[in-house]
Amino acid sequence: SSGINAEYGAIGTYSDSTGTTECTTCSSGTTLSTGSTSSSNCTTDYCTVPSTPPNSGLVPPTNSRVAAGSSVTIYCEDGYSVQMGQSNEFKCEGTTVFPPLCYRTCDLSMYTSESMLQKNLIAQTLSSKAVHKETLNISCQEGYETPAEFTWEVYTCIGDGDEMMSKIMIAPCEKIPLPVLLIVCICLSVLIVFIVVFAVYCNVRARRGRTGPLVVDAPPSPGAMPSPPKKRTPSPTYVPAVIQNIVRREEPPPPRQPQREPSPDMYDTIANFFK
């Protein structure tokens, strides 16, 4: 075919710059540089185009001899592409050349602006496909979050596996739920504050309305024990005179333990209870 520089074995190259096909023969072990038709340009500094990777094609084709440093282009089949950030051209230099590979592309044609709005996503214009290792930043609309409880999500195209792995499934965003636990804590805090304020108000009102101390019989303290009963003295009628004349020393009564007076706080508490 015309318009493409090619080499047949180790013989030479052709050029259609003049509209005709002209072969230039080089000696064994030499080759022409790309596009050259002069035998004076035959050189031993050449590079052999490596094997074609799967799902692709090379121009110049595999096993072609080109001048060292020449560019070789790789063309991927439909549904395949080189990975993100990699060029379709590479330099043929030295004896070991590794061309880029063609990976599956991820289909994004189903994600239109309307479908993204239905998923509660921020509408954005996406390309029809993503290449291997290409990342997509998808954000949720205001008031929505991803299943992982984020407002955005990153998706990566994986094209070095089977067809299922190359599919990107963008999950819809969900409504952010109300913070139930926070609301319960706030309500409990307000209730506790109300109870404290009400108790202080009742205590102040009770103090202002009291004209005198309220006397309340308080039970004896646990430490105050009742005094033991006195011994009964036998009647003098039934006691002999000799015994009656004997002066007995009466035992002094045991000392009574003083009762503790209730504290003012107790009076206040009891007074508030009966009001």
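The dialogue below concerns the cysteines of this structure.

Mentor: This is a predicted model, in which local features need pLDDT of at least 70 and side-chain atom pairs count only at pLDDT 80 or more, whereas totals for chains, interfaces and linings use all residues. Residues are numbered from 1 along each chain as its sequence is written, and side-chain values use heavy atoms, with hydrogens and water left out.

Trainee: How many disulfides does the structure hold?

Mentor: A disulfide is a pair of cysteine sulfur atoms within 2.5 Å. The structure holds four. One of them joins Cys47 and Cys92, with the sulfur atoms 1.9 Å apart. The torsion about their S-S bond is about -80°, so this disulfide is left-handed.

Trainee: Which parts of the chain does the pair of Cys47 and Cys92 link?

Mentor: Strands are DSSP runs (E, at least two residues), numbered from the N terminus. Cys47 lies in strand β4 (residues 46–48) and Cys92 in strand β9 (residues 89–92), distant parts of the chain 45 residues apart.

Trainee: Is Cys76 buried or partly exposed?

Mentor: Buried means under 20% relative accessible area and exposed over 50%, with partly exposed in between (1.4 Å probe, protein chains only). Cys76 has 22% relative accessibility and therefore counts as partly exposed. Its disulfide partner, Cys102, is buried at 9%.

Trainee: What of the link between Cys140 and Cys173?

Mentor: That link is left-handed as well, with -70° about the S-S bond. Cys140 is buried at 7% relative accessibility, and Cys173 is buried at 4%. By contrast, Cys185 is in no disulfide, and the nearest cysteine sulfur, that of Cys187, is 9.3 Å away.

Notes
Helices (H or I, at least four residues) and strands (E, at least two) are DSSP runs, numbered from the N terminus.
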